[in-house]
Amino acid sequence: RGKVRKDRGTGLIVLIIVIAFLLSVGLLLLFVTGTGPEVAGNVRLQERAFNAAEAGFDEVWRVLNENFISGNLSDFAGQYRKKFSTYGDVLDFPGTNDNPNPYYFRSLSDEELVADMTSDPTNTLFINQPLPNDNSLSFTVFLIDDENLTGAPPNDRDCIVVCIGRAGQHTYARIEDVIEIQTT
C-alpha cells in the first residue's frame, strides 16, 4: 500500500511531458510550413531580379554592337563609370590589402550603386530601365575599367560590364562579365 502512494503522480508527469513534446513538435511544424511560402516568394523575387540583370546584359550587348558596327565607338575609352558620389574616381580601384577601398564597386551594395547612378547618371549606360514586358523589373548597366583593378597597362579594348537587375523594392541581382573587342 505504501508503494502505490509513491507512484501516484508519476503517470501525470509522464503525460505532461508527452503533451509538451507533442505541442512543441506541432508548433515547429506550423512554423516550418508557415515560412515555406515566404521563402519561396523571396527566391522567386531573386530569380526575377537575376532575369532583369540578364535582360540588361542582352540590351547593352545589342547597343554596344550597334555602336561598334556603325563606327560610333572604336573602344571603351571614356565609357567607364569611375565616380562614386562625392568621393571621386574610386569605383574601379580595389585599394590595397592594408587599405581596402570602401567605395570599390564590389564593396558597395547594388542598392547603393543604383541610388548613386540615379543621382548622377554620368557614364551609366542604363539606369532603372524597365523591361518592356514587365514594368516591375528594371536594370542598371555600367562599364568598369578592368585594368585599374590589376594595375595592368591600359587597354580600352576590354572592360567589365556590370548589370544590376531589380525586382520589387529591395531585391537586386548583379551580373559581371568581361567583354573584349575582337580585332579582325
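User: What do S3 and S4 form, and how many residues are between them?
Analyst: S3 and S4 form a hairpin with 3 residues between them. In the turn, Gly 168 has a positive phi of about 75°. Helices (H or I, at least four residues) and strands (E, at least two) are DSSP runs, numbered from the N terminus. Keep in mind that this is a predicted model: local features need pLDDT of at least 70, side-chain atom pairs count only at pLDDT 80 or more, and totals for chains, interfaces and linings use all residues. Residues are numbered from 1 along each chain as its sequence is written, and side-chain values use heavy atoms, with hydrogens and water left out.

User: In which sense do S3 and S4 pair?
Analyst: Antiparallel: S3 (residues 158-167) and S4 (residues 171-180) pair over 10 bridges. Two strands pair if DSSP finds at least two bridges between them. As an example, Asp 158 has Glu 180 in S4 as its bridge partner.

User: OK, new topic. How many residues has H2?
Analyst: H2 has 61 residues, and from its first C-alpha to its last it reaches 89 Å. That is close to the 90 Å expected at 1.5 Å a residue; the expected span is 1.5 Å times one less than the number of residues.

User: Where does H2 bend?
Analyst: At Gly 36, by about 30°, and Pro 37 follows within four residues. The bend is the angle between axes fitted to the seven residues ending at a residue and the seven starting there. Just after H2, Gly 71 takes a positive phi of about 90°.

User: Which residues of H2 are buried?
Analyst: Among them are Gly 41, Ala 49, Phe 57 and Leu 64. Buried means under 20% relative accessible area, exposed over 50%, and partly exposed in between (1.4 Å probe, protein chains only). What covers the buried residues of H2 includes S1, S2 (134-144), S3 and S4.

User: Is Asp 116 buried or exposed?
Analyst: Buried, because its relative accessibility is 8%. Leaving aside neighbours within four places in sequence, Asp 116 is in contact (heavy atoms within 4.5 Å) with Arg 81, Lys 83, Phe 84 and Ser 85.

User: How many aromatic pairs does a search of the whole structure find?
Analyst: It finds 7. Rings of Phe, Tyr and Trp (its six-membered ring) pair if their centres lie within 6.5 Å; planes under 30 degrees apart count as stacked, over 60 as edge-to-face and the rest as tilted. Tyr 87 and Tyr 103 are a stacked pair, 3.9 Å centre to centre with 15° between the planes. Both sit in the loop between H2 (10-70) and H3, 16 residues apart. Phe 84, Tyr 87 and Tyr 103 form one aromatic cluster.

User: Last one: what's the phi of Asn 123?
Analyst: Near 55°, a positive value in a residue other than glycine. Most residues other than glycine have a negative phi. Asn 123 is found in the loop between H3 (110-119) and S1 (126-131). Asn 128, in strand S1, also has a positive phi, near 45°.
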